[in-house]
Amino acid sequence: TTPIASTNYFKLEASAKKLLAPEAYDYAAGGAGLEKTVAANRAAFDKWHILPRVMRPVQPKRDLSTTLFNRTIPAPIIMAPVGVQTLFHPTGERSTAAVFGQEGLPYTQSTASSTGFANVAAANGAGNPRWYQLYWPSDDDLLRSYLTTAKKSGFEVLVVTVDTWDLGWRTRDLDRGFFPFINGVGVQIGLEDPVAHEKLGFDPLAKNATEEQKQMAALYHTIVTSRGVSPVWENVGKLREIWGDAPILLKGVQSAEDAKLAMKYGLDGVIVSNHGGRQIDGAVGSLDALPAIVEAVKRNLTIGFDGGIRSGADIFKALALGADFVQVGRPVLWGLAHQGEKGVRHVLKSLLADLEITVGLAGCASLKDMDRSLLVEKRG
Ligand code: FNR
């Protein structure tokens with residue numbers, strides 16, 4: 001059958017699989033180890049059912065808008081930072097950044113992006129909300145340089161991923177020996193960085209650069225940003241010094257204790273996430289971790305959520321449990337595989353429409369009406 005960008009997530013994934021090289025599909029679909037946490041992320045949604053209210057005035061249209069860090073956005077849906085997007089379509093980040101920009105929804109650029117800051121910013125469009133996700137470099141000069149370039153390119157919010165200072169045991173990629181960064185995919189920020197050029201002693205993008213130099217620069221960026229050394233709380237001050245008062249969020253928080261520490265260290269928010277089950281096999285399902293974090297820090301921090309969101313009902317549950325926004329990863333990639341920008345637009349518009357209908361049918365006129373009273377926990 002011809003691959004189609006279905007409105008059903010599972011059909012969408014199945015048809016994307018047909019369009020993609022097997023290693024690209026597996027890189028995105030897979031997780032760590034036995035992929036128990038990939039499954040736990042989905043299972044966590046099934047533990048909650050929506051208990052709708054009826055006969056409420058929810059016409060003519062549900063208002064999904066919300067305000068995050070002084071910006072009002074049309075819906076609480078954000079592009080999760082996802083690297084190496086040219087694996088899924090040659091237009092990669094340009095397409096995803098363009099579509100999120102057109103919808104006025106925040107786009108998060110990954111440090112492992114296959115497109116540099118300037119090109120993502122241009123594709124995303126002037127004045128649109130852009131966030132930058134940092135894999136914290138072990139070299140302070142590079143840290144400063146990446147953050148400074150991000151700021152200059154109009155990235156407003158810093159998302160620091162703290163669960164991936166080393167890669168998880170990803171069996172699908174290990175079995176294939178597939179590591180995109182070695183092949184120069186997902187290293188563009190490093191290749192373009194002026195301080196990296198100084199350190200290397202050459203510009204890998206110069207006309208006269210050799211293949212070997214390009215490979216060296218790719219390896220350098222990869223080692224410096226996922227180097228096997230965990231960032232520590234005591235160094236949060238370095239980020240603040242460079243990023244200033246603009247918002248900083250930690251992504252990859254699962255424990256309420258860590259959320260409280262994020263508050264103590266002056267961060268602006270946390271993103272409850274287990275990296276889509278790609279880091280620790282057996283880690284708790286992401287939605288299972290959300291309620292305790294909401295309970296611990298909701299009054300003080302902005303709380304984002306990702307992991308396993310596949311439908312409007314999933315977004316509804318995360319928001320009703322107290323998340324301020326959600327991020328979507330894999331569904332966007334499967335859309336991207338279907339004709340680039342067109343496929344991404346299809347996925348994002350479908351999610352928005354699905355959410356809008358679900359919110360209304362559950363008896364809510366806006367996000368303010370959504371809370372835990374609209375959910376029941378499944379027994380047994
Ligand atoms: C990711 N994720 C990720 N996270 C991050 O902070 N920086 C990154 O570069 C990447 N890269 C990346 C690549 C691919 C192919 C995937 C699938 C995921 C994790 C991502 O931001 C998010 O946490 C999960 O994808 C959310 O789960 P779902 O929506 O994919 O189930």
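V84 is buried, with 23 other C-beta atoms within 10 Å. Here a residue counts as buried if 20 or more other C-beta atoms lie within 10 Å of its own, exposed if 12 or fewer, and partly exposed in between, with C-beta atoms placed from the backbone. Phi of V84 is near 45°, a positive value in a residue other than glycine. V84 sits in the loop between β4 (77-79) and α4 (92-103). Helices (H or I, at least four residues) and strands (E, at least two) are DSSP runs, numbered from the N terminus.

The model is predicted: local features need pLDDT of at least 70, side-chain atom pairs count only at pLDDT 80 or more, and totals for chains, interfaces and linings use all residues. Residues are numbered from 1 along each chain as its sequence is written.

E35 also has a positive phi, near 60°, and is likewise not a glycine. This residue lies in the loop between α2 (22-29) and α3 (36-46). E35 is partly exposed, with 17 other C-beta atoms within 10 Å. A further backbone feature is the cis peptide bond between Q59 and P60, where omega is about 0°. P60 falls in the loop between β1 (48-50) and β2 (66-68).

The ligand is surrounded by 22 residues. A residue is taken as near a molecule or strand if its C-beta atom, placed from the backbone, lies within 6 Å of it. The closest residues are A80, G83, S110, G276 and G329. By class, the shell holds eight nonpolar, 11 polar and three charged residues. Ala, Val, Leu, Ile, Met, Phe, Trp, Tyr, Cys and Pro count as nonpolar, Asp, Glu, Lys and Arg as charged, and the others, Gly among them, as polar.

Helix α4 packs against helix α16 (residues 341-361) at an angle of about 45°, with the axes 9 Å apart. This angle makes α4 oblique to α16. Axes are lines fitted to C-alpha atoms, for helices over the stretch in contact, and angles run from 0 to 180 degrees between N-to-C directions. Angles under 35 degrees count as roughly parallel, over 145 as roughly antiparallel, 65 to 115 as roughly perpendicular and the rest as oblique.

The protein chain has a mean pLDDT of 96, and 99% of its residues reach 70 or more. Confidence is lowest in helix α10 (residues 211-225), at a mean of 95, and highest in strand β10 (residues 302-306), at 99. For the complex, the predictor gives an ipTM of 0.99 and a pTM of 0.98.

Note on methods. pLDDT is the predictor's confidence in each residue, from 0 to 100.
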